[in-house]
Amino acid sequence: MPRIPSPNDQVFTTTPPSTETGYKHPAETRKPGGIPMAFQVTSPFDSRRVLMPHALVLHVNPQSFEENFNQKIERFQTRGGFVEQHWGHDLTELSANGSTGAFMNIYTGLSSVMRQRTIAWDRYRDLFDIYLNNGALHDPFGNIVLSGHIMIIYDRGTYIGTFRTFEVEETEDSPFAFNLSWTFKVEETISKWSFGNPPQPKIPSFQFQNG
């Protein structure tokens, strides 16, 4: 009798973190198109060198994800009128809103009492711990010795920077999950594109006749 293959027979392997420019999300090799949002911690000596053996992948992608671009402009008044000084672009700010995964316990199902024994809780605590440390290395007294960065890997690119805010909200409308919102200041962006070089515009040719 032929044996029916089981999903447990599948073996998934991931490559170790890369030290090359633009850390590549392991899911990109298995899933075309959109990928989950993932986080890494980078070295204080090289912002493009990751330290963790694997990326922290969000349990649930954010419901909203915004990139805010601002021009840094100073305006002051003189006797002859207003004067503006343009200093270029300010640091890009990312903001996201979403929720954790459902607090599902294998023994009791959805649970708010035993939520600390669920995978969703562990993933939430991992993300919260990354925010608390924010890429910094502390000594035994809690002082920051070295400051690294946080790397965010997502569809539109790879962002290197630090968290600025992180908010957790528990409401009666969603008793089995937390609502999360955070902001992130980007110091470096490594853009990634899923397509090749954009097509070059065709320049029309003209012929002139002697008249």
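Predicted model: local features only at pLDDT ≥ 70, side-chain atom pairs only at ≥ 80, totals over all residues.
**Stop 1: the rings**

Start by showing the Phe, Tyr and Trp side chains. There are 17 aromatic pairs to find here. Select F103 and W121 to begin with: their rings make a tilted pair, with 6.2 Å between centres and 55° between planes. F103 sits in the loop between β6 (92-99) and β7 (104-105), while W121 belongs to helix α1 (residues 119-133), so this pair ties together parts that are 18 residues apart in sequence. Turn on a surface and check both ends. F103 has a relative accessible area of 0%, so call it buried. W121 comes in at 15% and also counts as buried.

Now move along to Y131 and F166. This aromatic pair is stacked, at 5.2 Å centre to centre and 20° between the planes. Y131 is in helix α1 and F166 in strand β12 (residues 157-169), which makes it a link between distant parts of the chain, 35 residues apart. F166 is buried, with 10% relative accessibility.

To see how the rings join up, select F39, F103, W121, Y124, F128, Y131, F163, F166, F178, W182 and F184 together: ring pairs link them into a cluster.

**Stop 2: the cavity**

How many cavities of 30 Å³ or more are there? The count is 1. The volume of the largest cavity is about 160 Å³. To centre your view on it, pick L58, V60, S99, L127 and L180, which are the closest to its centre among the 18 residues of the lining. Colour by element next: β6, α1 and β13 (179-191) are the ones that give two or more residues to this lining. What is the lining of the largest cavity made of, in nonpolar, polar and charged residues? It divides into 9 nonpolar, 8 polar and 1 charged.

**Stop 3: S95**

Go to strand β6 and select S95. Is S95 buried or exposed? With a relative accessibility of 14%, S95 counts as buried. Skip the neighbours within four places in sequence, and the contacts of S95 are S64, F65, E66, N68, W182 and T183.

**Stop 4: the salt bridges**

Finish with the charged side chains, where there are 3 salt bridges.

- Select E188 and R48. Their closest N and O atoms are 2.3 Å apart.
- Select R115 and E170. Here the closest N and O atoms of the salt bridge are 2.7 Å apart. This one also links distant parts of the chain, with R115 in the loop between β8 (109-110) and α1 and E170 in the loop between β12 and β13, 55 residues apart. R115 is buried at 17% relative accessible area, whereas E170 is partly exposed at 46%.
- Select R125 and D129. Their side chains meet at 3.3 Å, N to O. Both residues are in helix α1, 4 residues apart, or about one turn of the helix. R125 is partly exposed at 29% relative accessibility, and D129 is partly exposed too, at 31%.

Conventions: Residues numbered from 1 in each chain as written. Heavy atoms only, no water. Phe/Tyr/Trp six-rings, centres within 6.5 Å; stacked < 30°, edge-to-face > 60°. Buried < 20%, exposed > 50% of the residue type's maximum accessible area, 1.4 Å probe, protein only. 1 Å grid on protein atoms, 1.4 Å probe; cavity = no way out; pocket = protein on both sides within 12 Å on 5 of 7 lines; lining within 4 Å. Points joined across faces, edges and corners; volume = space filled by probe spheres on them. Nonpolar A, V, L, I, M, F, W, Y, C, P; charged D, E, K, R; others polar. Contact = heavy atoms within 4.5 Å. Salt bridge = Lys/Arg side-chain N within 4 Å of Asp/Glu carboxyl O.
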